[in-house]
Structure formats: C-alpha cells, structure tokens
Amino acid sequence: MKKISLLLLIIAFSSCSSLKKPMVSEPLYDVLFGDEFGGGSFQFYEIISEENEFKMLLGDAMIKPYVTKDDIKNSNFILVNLGEKPSDGYKIKVQKIEELSDKILITIKEVVPENKVNMVKTKPCFVIKIKSKKPIEIK
C-alpha cells in the first residue's frame with residue numbers, strides 16, 4: 001500500500017507544471033497567449049527585449065503562467081494588440097519567420113473569423129515569444 005501511495009504522489013508531482021503550454025510552439029517562436037478582451041482600443045505591437053520592459057509581462061496575472069523571470073535572457077517578446085473588433089474569433093498567425101545573421105524577420109497576419117457567432121465588441125491581444133535575442137523586424 002505504501003508503494004502505491006508513493007507512486008501516486010510521484011506521478012502527481014511530476015505531472016504538475018508551473019508553466020502553461022503555449023497556444024502555438026515552433027522552433028523559432030511560441031505564441032504564448034491570446035485573449036479576446038485583454039487588449040486596448042487601438043491596433044499596435046510592442047517588442048519587449050529588455051528586462052525592465054519584461055517586468056510588465058511578469059506582473060500580468062494572465063501572462064505570468066507562460067513565462068519565467070529568466071526568459072528575457074535568451075528570448076524577446078512581441079505584444080500584439082488587434083484593437084477593437086466587432087465580434088469574437090479574431091486571431092493572429094505568424095505567416096513567416098526568418099532568422100538572418102543580424103536580425104529576425106517576422107510577418108504576422110490578422111485572421112478574420114469566417115463565422116461571426118457572437119456580435120460583441122472584443123479587443124484581442126497576443127504575446128509571442130521569439131527564441132532569440134537578435135533584433136526583431138516586423139513586416
């Protein structure tokens with residue numbers, strides 16, 4: 001009985017992870033998080049590459065489960081805000097990402113939903129983790 005209890009305890013501890021899995025994971029990037037109501041009223045993106053900027057992400061309760069304080073040492077982040085939208089279902093897609101010798105080129109596309117089910121105003125935002133410290137250029 002003790003062996004079974006110990007085995008269950010080990011399985012429980014090993015299956016629990018403090019970090020949540022990203023929405024999309026690729027070799028050069030992860031789309032960590034997306035929220036339909038977490039953004040602002042206007043469309044913008046922000047590249048987060050320095051530790052003092054990164055503290056903003058660490059302080060956000062919705063984003064914090066996807067990052068650790070050491071992530072900024074070897075990764076950059078992009079906060080993408082799509083602005084106010086007339087319905088739910090808006091997403092982003094990383095169409096292309098290239099790692100050049102001196103920078104990372106990334107092309108992001110807004111994906112408009114085919115079926116607009118809920119006609120409620122949303123403010124979608126997403127956080128992308130770029131697994132490199134090279135400067136980022138967004139097309």
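Analyst: A word on terms before the details: contact means heavy atoms within 4.5 Å. This is a predicted model, in which local features need pLDDT of at least 70 and side-chain atom pairs count only at pLDDT 80 or more, while totals for chains, interfaces and linings use all residues. Residues are numbered from 1 along each chain as its sequence is written, and side-chain values use heavy atoms, with hydrogens and water left out.

User: OK, so what does Asp71 touch, leaving out residues up to four places away in sequence?

Analyst: Asp71 touches Phe54, Tyr66, Phe77 and Lys129. Asp71 itself sits in the loop between α2 and β4, where helices (H or I, at least four residues) and strands (E, at least two) are DSSP runs, numbered from the N terminus.

User: Is Asp71 buried or exposed?

Analyst: Asp71 counts as buried because its relative accessibility is 11%; buried means under 20% relative accessible area, exposed over 50%, and partly exposed in between, with a 1.4 Å probe and protein chains only.

User: And Tyr66, what is that in contact with?

Analyst: Leaving aside neighbours within four places in sequence, Tyr66 is in contact with Leu19, Lys20, Lys21, Leu32, Phe33 and Asp71. Tyr66 is also found in the loop between α2 and β4, and Tyr66 counts as buried because its relative accessibility is 16%. The C-alpha atoms of Tyr66 and Val127 are separated by 9.6 Å, although these residues are 61 apart along the chain.

User: Switching to the sheets: what is the strand order in the open sheet of 5 strands?

Analyst: The order is β1-β2-β7-β4-β3, with antiparallel pairing, and two strands pair if DSSP finds at least two bridges between them. The edge strands are β1 (24–25) and β3 (43–48), each of which pairs on one side only.

User: What about β4, how many bridges join it to β7?

Analyst: There are 6 bridges between β4 and β7, which run antiparallel, with Asn76 standing opposite Ile130 in β7. Strand β4 (residues 76–82) also pairs with β3 in the antiparallel sense over 6 bridges; on that side Glu46 has Leu79 as its bridge partner in β4, and Gln43 stands opposite Leu82 in β4.

User: Why is β4 largely enclosed by the rest of the structure?

Analyst: Strand β4 is largely enclosed because 7 of its 7 residues are buried. Asn76, Ile78, Val80 and Leu82 point one way from β4, whereas Phe77, Leu79 and Asn81 point the other way.

User: Where does α2 lie?

Analyst: Helix α2 (residues 51–59) lies across β3, β4 and β7 (125–130), running at about 120° to β3; axes are lines fitted to C-alpha atoms, for helices over the stretch in contact, and angles run from 0 to 180 degrees between N-to-C directions.

User: What is the order in the open sheet of 3 strands?

Analyst: That sheet has the order β5-β6-β8, with mixed pairing, and its edge strands are β5 (91–99) and β8 (136–138), each pairing on one side only. The twist averages 25° from one strand to the next.

User: How many bridges join β5 to β6?

Analyst: There are 8 bridges between β5 and strand β6 (residues 104–111), which run antiparallel, and Val94 has Ile108 as its bridge partner in β6.
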